[in-house]
Amino acid sequence: MKPRTDRFTLTRLARLQASIELELKTTTAKKKPAPAIDLADLGMTIRTTHCLRAEGIHTLRDIVSRKEIDLLKLPNFGRHCLNEVRAVLQERGYSIPIR
């Protein structure tokens, strides 16, 4: 290889490493522990609350620890319930992983 190509490759690798490190810093900085707020205090509909409680999900922390796909597998928990959960979490600055 030419020396110029080697410098170019090293520069690209250094930039890639810097961007990965920056992404890791921002990702870990965004995550904050979810408080153990009861479902009744979140202001969701009775249907959504009952679907979650039936599966042992009782707090905000329990919701955040689940994935969207897992929530959609719950009996009687559909897109409407999922959208409601997303909205409640977004109001409080949280989100649930998609997969």
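A residue is called buried when its relative accessible area is under 20%, exposed when it is over 50%, and partly exposed in between (1.4 Å probe, protein chains only). This is a predicted model, in which local features need pLDDT of at least 70 and side-chain atom pairs count only at pLDDT 80 or more, while totals for chains, interfaces and linings use all residues. Residues are numbered from 1 along each chain as its sequence is written, and side-chain values use heavy atoms, with hydrogens and water left out.

A nonpolar core is a set of buried Ala, Val, Leu, Ile, Met, Phe, Trp, Tyr and Cys residues joined through side-chain atoms within 4.5 Å. The largest such core here has 19 residues, and those with the most contacts inside it are Met44, Leu52, Ile63, Leu71, Phe77 and Val85. Two or more residues come from each of α2 (46-54), α3 (60-64) and α5 (79-91), where helices (H or I, at least four residues) and strands (E, at least two) are DSSP runs numbered from the N terminus.

Salt bridges, meaning a side-chain nitrogen of Lys or Arg within 4 Å of a carboxyl oxygen of Asp or Glu, number 2 in this structure. In one of them Glu68 pairs with Arg86, the closest N and O atoms being 2.8 Å apart; Glu68 belongs to helix α4 and Arg86 to helix α5, 18 residues apart. Glu68 is buried, at 10% relative accessible area, whereas Arg86 is partly exposed at 32%. Arg53 forms a salt bridge with Asp38, with 2.9 Å between the closest N and O atoms.
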